[in-house]
Amino acid sequence: MIELFAYDFFTNAVLAAIITSITCGVIGTYIVTRRIVFISGGITHTSFGGIGIGYFLGFSPLLGAAIFSLLSAFGIEYLSKRKDIREDSAIAIMWSFGMAVGIIFIYLTPGYAPDLMSYLFGSILTVSKTELYITLTLCVVVVLFFYFFYKPILFSAFDQDFAKTRKIPVDLINYVLISLVALTIVLSIKVVGIILIISLLTIPQATANLFVKDFKKIIFISILIGLVASLAGLSISYYLNIPSGATIIFSLVSIFVIARIVK
Amino acid sequence: MENENHILIEIKDIEAGYSGEIALSAVNLKIYENDFIGIIGPNGGGKTTLVKVILGLIKPFKGEVINKLNGTNENKSIGYLPQINFIDKKFPISVKDVVLSGFMDKGKLINKFTKEEKQTAMALMENMGISHLKNKPIGELSGGQLQRVFLSRAVVSSPKLLILDEPNTFVDNRFESELYEKLKELNKSMAILIISHDLGMISPYVKTIACVNKKLHYHDSNVISEKQLKEYNCPIQLITHGEVPHTVLGKHIH
């Protein structure tokens, strides 16, 4: 397998898998513990609308996805503060609306959209150098933010009202974190695709949570599980010639099932 | 009358609620040093809303909250124990971290907790009988233990005012009486505001009673009759506790 590293695309894929495992390990722990898995699913699927518009107008589909996911993230965070709207219904509306917009614009775009499937199911082998650098930048930002603001993040996620009585800027922290969630989702699209991202953000944490009940430890073990699963998934994908997004998720679930049985 | 200098919080003509619905109207209340006020009233009568207005968690539609607590950081001096059923018991956080979070403050977003703070937290956990649980995740605690953890978090920074929202839910009777003894002790150094659905249980401990049902009626004694409750428009169920007579404490002199 070593000879594969002679190919840039393979080295890039491995690096992308490693970086994504770290980012998703951290962000996923926040998502799972704050119970915003459904919100994250909504953001993920809404981003497809941006991909479609990107295709149609001829700019980077990932940029479109970033704009859509950030807008939906802010929208949901804003709506969650209002008591007169059912949050989950609002998410469902955005979820399907984003997908619909994406499909409409992709079909309106003249010609065939060849890598549409890669956005839905991921295509880690086509990760470019530029994408790698952007992914790495986000990873550094996420890790530094959690390193420096660990306490306020933890305490606002645990008990918002109490955190507010302690003068923690809870709303600001929530907005920053939901933006990081949105960007993490967008930059993971290349790795596993829109349909599968949510598992990259929840299965490592669910597995880790079987063994440890501490926010920080869940982060570290999730990263480890993400690394093992994505590298295993990449190898399986190479040997069996199956899309890597699917093999990565399959590895993640296998680890979870084994852990569940062992535990 | 109590000296005006010793007033901690004054709320004036408050109207408050959620999404335009009015839960409290024309509410006035003064909280003095060493007060021990029991807040009673029917469900949905605005008890929690009142507490959240005092804590600054809800902005009132009308009126003002004057905070005269000492210190540079006004809200730092209010300890708060929220209703326990709003807490996510599966959240992966240890007892020690929950208690330490009581020291959080705007200036502490990045800084680590100091050695003194950690020692204070440890001593308090010892005093509350939860020091052996310090590394346990909160999900493994009983209701009574959990309440002790949240009480520790509320008082660890030695606030001047402690606000408790229904601290007697999900706890056993033994812990309940222990809790009130603890509050009596804490009352020597801080004012206490306690929401309860159980007037019979709190009345031996509190000094005064506030009936909240959209309006607030302040009752300057810890003994209240059914007739008075009716006058205050405060329909609550009076729960009797077996043979235990309601202890009538000396009248709280303002």
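## Basis of the description

Helices (H or I, at least four residues) and strands (E, at least two) are DSSP runs, numbered from the N terminus, and by that count chain B has seven helices and nine strands. The model is predicted, and local features need pLDDT of at least 70, side-chain atom pairs count only at pLDDT 80 or more, and totals for chains, interfaces and linings use all residues. Residues are numbered from 1 along each chain as its sequence is written, while chains are lettered from A and ligands numbered from 1 in the order in which they are written.

A residue is called buried if 20 or more other C-beta atoms lie within 10 Å of its own, exposed if 12 or fewer, and partly exposed in between, with C-beta atoms placed from the backbone. In these terms, buried residues make up 43% of the 254 residues in chain B. Two residues are in contact if their C-beta atoms, placed from the backbone, lie within 7 Å; of the contacts in chain B with a separation of 6 or more, 71% come from residues 24 or more positions apart.

## The six-stranded sheet of chain B

Two strands pair if DSSP finds at least two bridges between them. Chain B contains an open sheet of six strands in the order E5-E6-E7-E3-E8-E9, with mixed pairing. Strand E5 (78-81) and strand E9 (215-219) of chain B stand at the edges, each with a single partner strand, so one side of each has no neighbour in the sheet. The twist from one strand to the next averages 15 degrees. E5(B) and E6(B) pair in the parallel sense over four bridges, and B:Gly79 has B:Leu162 in E6(B) as its bridge partner.

Angles run from 0 to 180 degrees between N-to-C directions, and axes are lines fitted to C-alpha atoms, for helices over the stretch in contact. Helix H1 (residues 47-55) of chain B lies across strand E3 (36-40), E5, E6, strand E7 (191-195) and strand E8 (208-213) of chain B, and runs at about 150 degrees to E6(B). H4(B) lies across E5 and E6 of chain B, at about 165 degrees to E5(B).

## The three-stranded sheet of chain B

A further open sheet of three strands has the order E2-E1-E4 (chain B), with antiparallel pairing. Its edge strands are strand E2 (21-32) and strand E4 (62-67) of chain B, each of which pairs on one side only. Strand E1 (residues 7-18) of chain B and E4(B) pair in the antiparallel sense over five bridges, and within E4(B) the bridge partner of B:Ile9 is B:Asn67. H1(B) packs on this sheet, touching E1, E2 and E4 of chain B, with its direction making about 125 degrees with that of E1(B).

## Helix H5 of chain B

The expected span of a helix is 1.5 Å times one less than its number of residues. For the 14 residues of helix H5 (residues 173-186) of chain B this gives 20 Å, which agrees with the 20 Å between its end C-alpha atoms. The buried residues of H5(B) are B:Phe175, B:Leu179 and B:Leu183. They cover an arc of only 80 degrees around the axis, which puts them on the same side of H5(B); the arc is that of the directions from the helix axis to the C-beta atoms.

An α-helix has 3.6 residues a turn, so residues three or four places apart point the same way. The covering of the buried residues of H5(B) includes H4 and E7 of chain B, whereas the face turned away from the buried side carries the exposed residues B:Asn173, B:Arg174, B:Glu181 and B:Glu185.

## The contact between chains A and B

The contact takes 24 residues from chain A and 23 residues from chain B. On the side of chain A that touches chain B, helix H7 (150-158), helix H8 (160-165) and H12 of chain A each supply at least two residues, and H7(A) gives the most, with five residues.

## Individual residues

A:Asn241 has a positive phi of about 55 degrees although it is not a glycine, and its place is in the loop between helix H12 (215-240) and helix H13 (244-262) of chain A. With 7 C-beta neighbours inside 10 Å, A:Asn241 counts as exposed. B:Ser158 also has a positive phi, near 50 degrees, and is found in the loop between helix H4 (143-155) and strand E6 (161-165) of chain B; with 14 other C-beta atoms within 10 Å, B:Ser158 is partly exposed.

A:Gly28, in helix H1 (residues 8-33) of chain A, counts as buried with 30 C-beta neighbours inside 10 Å. Not counting residues up to four places away in sequence, A:Gly28 touches A:Leu201, A:Thr202, A:Pro204, A:Gln205 and A:Ser222.
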